[in-house]
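Open the model in your viewer and show it as a cartoon. We will go stop by stop.

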Amino acid sequence: MRVAVIGGGAAAVSLLDSLLRRFEGEEMRCDLTVYEGSANLATGRAYRPDLDCALVNREAGYMSVRCAERDHFLRWLHREPRYRGTPYASQPVDSYVPRRVYGEYLTSHLESGRAEAERRGWTVGVVPEFAVEAKATAADVMIRSAGGVSHFDRVVLCLGTGEPTDPYGLTGTPGFHPDPYPLRSVLPEIAADAHVLVLGTGLSGVDVALGLLRSGHRGPITMTSRHGLLPGVRATQSPFQLRHTTPEAVRRRVGPDGALRIRDAWRLLRDELIAAGVDLRALAADRPAAERLREDLSQLDYNACHAAVAAMMHQAREPIWCAMPDADRRLFLSRFHPFGKPLYNPMPPPTARALLDAMDSGQLTVRSRTAGVTARAGGGFTLEDGGGRLTGVDTVVDATRSGLAGTGTRAEPFVDSLTGSGLAVRNPLGGMRIDVATNALRATLPEDVPRFFALGDITSGDLFYAGSMYMINARAEVITGTLARTANSGR
C-alpha cells in the first residue's frame, strides 16, 4: 500500500508508529511518503527547538505517541543518553518538560520507526516540499509538489495547526510580530523596557508572557482577549465517575430526529458540574485573572471542576458533539466554549505561579473585551477594550487562535485542490468534514473504499477537540484500522 502523508509533524510520527504496530507480523507492505516543506520534520510548530520555559502542558507521564502506553515518552527520557546524569533522567510522572525535549523524543521515534520500516522491507521517504495538489482516478491518487508528481493508494492529511490570523490588520507595521514562535527568535527583537501587548490569553499568549519574564523583560506586559480568561491550572489527575454525561445518558437526550439540541447538552453538562460541587456562577463570573489563578493553585491536589471536565472530555465529548447539529455546535462555541477551554486546556502549575508573581508585582496585566488595536502615527499602538483606551504600547505580539480548527496558509493550496475537485468538504466550524467512524474525508461523491483521511486539529469541527496528543494517537489507530480492513479491496 502506497500512503502519502501530507505534513510531517507529531501526527505523522504517531501515524507511522500505529501502522508499524497494526501490521506487525503480517506480510502487508507499506510505502510511506511524507510531504513536509518546513524544517520542522517530526516536531511541527508545537515541539520545535525553543526556550525551555515553553513547557508541554501535560505531565510527562501522560505524553506519548501511543494512547495505550501513556508513559512511553517518560521511559524514553529516562534512558536517553543525552540526558544521562541530568534531572531529566529521573523525571517523575507528574513533572512538566520543555516542549523542545518532547520534540527530541518525536524526532528520535521517527528515526527508529523508519529503521524498523526498513527492516521489514517498507520505505519511509520524505519529500522536503509542500504538497500543492491532489487528483484522483479510479486507479490511484496523484499528489503534486514543486518537485513533481507521485502516485498513491491512500492519503492522510496531518497538517498540524495554523498560524495566528492578524485580526486587526497589523501585518507590516513596525513593532508588530504576527507569530510568536519560535520564542527564542521573536522575543530577543523586543526591547527589554518596551510595553508589550500580547493578543490572546490562551496557551500561546501565556508562552509569550512567560518567555518575556524568563528572558528578563523589564517593561510592562498586557495580555488581552475578548473574555480575558487565562487557561486554568492543571491539578493532579484524579479519577471521576460521571453520572449525568455518560454515553447512555446522552443517548436518552437525543431527539426523535437523532439530534441533541444545545439546551439538552447544556443541561447534561450543568448537572454534571453541579453534582461535582462546582459553583457555576463563580465559574462564569467576571473575576480578576489573578483571583482565578490563586484559586486554582490552592486546589492542585484536587480540583473538582477540572476533574469533572477532564472526565467529560474523555468519555462524553464525542457522544455529545457528534449528536449536535451544526447550528447548535455554533451556539455552543459562541456561548460556552470561551469558559470551557481554560478548563480542558490548562497550563502547568510552574507557569501559573510565574504569571501570578508578575501580576502581584504589577508588571503583568490581563484585560478583556478587546475591541480593536490600531497603529499610532509616529509609532506604537493603541488598544481599545472593556477597560477603555490603552496607549503607550510599543510592541504587539499576535498569539490569537481563530476558529476551532485551522490549517495554516501553507496548506491552503492543497486543501483548495481537494475541495475544488470534490474530494473533500470544508467544515463550516473549521477544518474538514470527516466520517467520525473512520476519519475519512467526506467527499462530494463518497467512495466505496475511502482513500483520503485526516488526522489532528483539522478534524476538530467534527470531533470538537482533536489536536491533543492523546486524540491524535487514538485517531491514528482508527485510521490504521480502516487501512487494514481495506488493504485487500483491490483499490
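**Stop 1: a facing pair**

Select L197 and T222: L197 stands opposite T222 in β10. This is a predicted model, where local features need pLDDT of at least 70 and side-chain atom pairs count only at pLDDT 80 or more, while totals for chains, interfaces and linings use all residues. Residues are numbered from 1 along each chain as its sequence is written, and side-chain values use heavy atoms, with hydrogens and water left out.

Now colour strand β9 (residues 196–199) and strand β10 (residues 221–224). Strands here are DSSP runs (E, at least two residues), and helices are runs of H or I with at least four residues, both numbered from the N terminus. β9 and β10 run parallel, joined by four bridges. Two strands pair if DSSP finds at least two bridges between them.

**Stop 2: along β9**

Show the side chains of β9. Which way do they point? V196 and V198 point one way, L197 and L199 the other. In a regular strand the side chains alternate between the two faces of the sheet. All four of these β9 residues are buried (under 20% relative accessible area; exposed is over 50%, partly exposed in between; 1.4 Å probe, protein chains only).

**Stop 3**

Step to H195, in the loop between α4 (183–186) and β9. H195 is buried too, with a relative accessible area of 12%. Its side chain makes a polar contact with the side chain of T222 (2.9 Å). A polar contact is a pair of N or O atoms within 3.5 Å; within protein, one must be able to donate a hydrogen and the other to accept it, and residues adjacent in sequence count only if both atoms are side-chain atoms.

**Stop 4: the five-strand sheet**

Zoom out. Five strands form an open sheet in the order β8-β15-β9-β10-β11, with parallel pairing. β8 (176–177) and β11 (364–367) stand at the edges with a single partner strand each, so one side of each has no neighbour in the sheet.

Select strand β15 (residues 395–398), which pairs with β9 over four bridges. Here L199 stands opposite D398. The bridge partner of T224 in β11 is R367.

**Stop 5: another sheet**

Finish with β4-β5-β6, an open sheet of three strands with antiparallel pairing. Its edge strands are β4 (131–136) and β6 (148–152). β4 and strand β5 (residues 141–145) share five bridges. Pick A134: opposite stands I143 in β5.
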